[in-house]
Amino acid sequence: KTSPYHHHLAANVPILNQTSQKYCWAYSVVAGVMNRVAFQGIDPVPRLSAAAVAAVGTGYRNVGGHCSKAAAMIQDQGGVPTDQVWPNTATKSHRHLADSKELKDSRKQNQLVQFYDLGNDIDLAISLLIGPTPLPVTFSLPWWRHAILGLEVLDCEKGNPESLDRYGIRFVNSYGKNWRGVGFGEIWGDKMYSWEHVAIDVIKPRSE
């Protein structure tokens, strides 16, 4: 019960909803940051604003992007503000807050210290999900044209143990908590192949 999925469940980590935004690449990374907040034992886990990261980072354009870029944006911007400061439903309407003290103070509470850009190495992505200290890993899926956050490796326990067909991942999506009834999903076999994987490792220690 030590996977990122179990931390997500135990801490009741908020499941974000990107609505009509094309920012799945940022939402998946921010979900990973919230997962690492849960890993620290912070309760409740704050609802963070992926929209703030992506809007500021793209110059307020509603465009696609890369998870590795989102992680770098978080570091460049000094962290992720909460949804209370910059709602996830807002982009251009909150641009006046971009340099505000309130936003900067909120960002400081949720800083991403270390992440790993794994490229399209699925073996490494799965290895980090099942390592001694499992990490959440983003999957940017060509067949879906969508980025998700992988939280747990699944094994159907049938077939060749060296075949990818035997394995899958459980992930959290960014379509809200009612997506498929729970906000989580599963993909198996070659559907896990990804353009890009980013593992979220260390956030700045915090206290409440």
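In this predicted model, the largest cavity is lined by Pro14, Ile15, Leu16, Tyr27, Ser28, Ala31, Ala147, Ile148, Leu149, Val172, Asn173 and Ser174, and its volume comes to about 60 Å³. One cavity of 30 Å³ or more was counted. Helix α2 and strand β3 each contribute at least two residues to the lining of the largest cavity, which by class comprises nine nonpolar and three polar residues and has no charged residues.

The largest pocket, with a volume of about 270 Å³, is lined by 16 residues, and of these Cys24, Gly65, Arg145, His146 and Trp195 lie nearest its centre. At least two lining residues of the largest pocket are supplied by each of α2 (24–39), β2 (137–141) and β3 (146–155), and by class the lining has six nonpolar, seven polar and three charged residues.

Four salt bridges were counted in the model. In one of these, the side chains of Arg170 and Glu152 meet at 2.4 Å, N to O; this pair links distant parts of the chain, with Arg170 in strand β4 (residues 167–172) and Glu152 in strand β3, 18 residues apart. Both partners fall under the 20% cut-off for burial, since Arg170 has a relative accessible area of 18% and Glu152 one of 14%. The side chain of Arg170 also meets that of Glu186 in a salt bridge of 3.2 Å, N to O. Because Glu186 lies in strand β5 (residues 184–188) and Arg170 in strand β4, this pair ties together parts that are 16 residues apart in sequence.

Asp155 counts as partly exposed at 34% relative accessibility, whereas Arg166 counts as buried at 16%.

Helix α4 (residues 67–77) has Cys67, Ser68, Ala70, Ala71, Met73, Ile74 and Gln77 as buried residues, and the helix is followed by Gly78, whose phi is positive, near 90°. In the loop between α4 and α5 (101–108) lies Ser100, which is buried with a relative accessible area of 18%. A polar atom of the Ser100 side chain is placed 3.2 Å from the backbone nitrogen of Leu103.

Conventions:
Residues numbered from 1 in each chain as written. Predicted model: local features only at pLDDT ≥ 70, side-chain atom pairs only at ≥ 80, totals over all residues. Heavy atoms only, no water. 1 Å grid on protein atoms, 1.4 Å probe; cavity = no way out; pocket = protein on both sides within 12 Å on 5 of 7 lines; lining within 4 Å. Points joined across faces, edges and corners; volume = space filled by probe spheres on them. Helix = DSSP H or I, 4+ residues; strand = E, 2+ residues; numbered from the N terminus. Nonpolar A, V, L, I, M, F, W, Y, C, P; charged D, E, K, R; others polar. Buried < 20%, exposed > 50% of the residue type's maximum accessible area, 1.4 Å probe, protein only. Polar contact = N/O pair within 3.5 Å; in protein donor to acceptor, adjacent residues only side chain to side chain.
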